[in-house]
Amino acid sequence: MIGGRRTTVALSSLVLVGSSWLGAPAGQADEVSRHRDTGVILCTGPSDSTYDPPLTLEPRTTRVHTEARYTCTVAPGRIVPATGTLDGVSPSASCNGLTNPRITETVRYADGKQSLIVYDSGTTVRTVGVLDVHLSGRVTEGRGKGQSAQRDVLLALPRELPTECLSSGLPGNSGQAQLGIRP
């Protein structure tokens with residue numbers, strides 16, 4: 001008889017605890033969701049860029065358009081695919097890199113959320129056969145709003161200067177990108 005009462009009390013306690021989780025007010029559920037979206041977000045994947053006008057050895061104002069296909073960790077143990085679209089202008093771009101680009105990226109996550117990132121500074125570093133384009137900025141809307149954003153893309157360079165840089169210009173390039181959004 002005492003064993004039956006203990007079982008009843010234990011089951012009743014579990015039901016109460018479970019119902020308190022399930023019956024949390026919507027405001028609290030939204031707060032939990034917002035808190036989850038303010039952690040570190042890390043995205044990686046291929047990135048393809050086009051340049052208008054095409055890049056040459058002479059630095060000039062150039063429009064940059066990039067499409068990225070990311071795999072993003074948006075919370076511990078939570079991975080979602082995403083796409084990134086970058087558009088903007090580099091006031092002094094050449095085959096040697098982009099300088100002071102003003103670029104905006106919209107990241108659309110497969111779970112229906114998105115992040116709008118404004119990059120306001122950038123550097124290009126060339127090391128043995130690789131060009132590393134680094135952009136820094138902030139998330140201005142959506143997932144990660146108010147957090148800093150860093151984007152690096154590694155572009156493999158041909159062993160010799162591409163003939164496009166010497167003639168009609170390099171119309172685009174592809175590489176591997178990493179986007180980090182951090183508090």
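Reader: How many bridges join strand E1 to strand E8?
Author: This model is predicted: local features need pLDDT of at least 70, side-chain atom pairs count only at pLDDT 80 or more, and totals for chains, interfaces and linings use all residues. Numbering starts from 1 along each chain as its sequence is written, and side-chain values use heavy atoms, without hydrogens and water. A strand is a DSSP run of E with at least two residues, numbered from the N terminus, and two strands pair if DSSP finds at least two bridges between them. E1 (residues 41-55) and E8 (residues 170-182) run antiparallel, and the bridges joining them number 11.

Reader: What is the bridge partner of Ser-148 in E8?
Author: Strand E7 (residues 148-156) also pairs with E8, in the antiparallel sense, over eight bridges. Ser-148 has as its bridge partner Arg-182.

Reader: Is Thr-66 buried or exposed?
Author: Thr-66 is found in strand E2 (residues 60-75). Buried means under 20% relative accessible area, exposed over 50%, and partly exposed in between (1.4 Å probe, protein chains only). At a relative accessible area of 3%, Thr-66 is buried.

Reader: How far apart in space are Arg-69 and Thr-44, C-alpha to C-alpha?
Author: Arg-69 also lies in strand E2. Arg-69 is partly exposed, at 43% relative accessible area. Its side chain makes a polar contact with the side chain of Asp-48 (3.2 Å). Arg-69 and Thr-44 are 25 residues apart in sequence, yet the C-alpha distance is 7.9 Å.

Reader: The charged end of Arg-143 sits over the ring of which residue?
Author: A charge sits over a ring if NZ of Lys or CZ of Arg is within 6 Å of the ring centre and within 35 degrees of the ring normal. The charged end of Arg-143 is 4.5 Å from the centre of the ring of Tyr-109.

Note on methods. Helices (H or I, at least four residues) and strands (E, at least two) are DSSP runs, numbered from the N terminus. A polar contact is a pair of N or O atoms within 3.5 Å; within protein, one must be able to donate a hydrogen and the other to accept it, and residues adjacent in sequence count only if both atoms are side-chain atoms.
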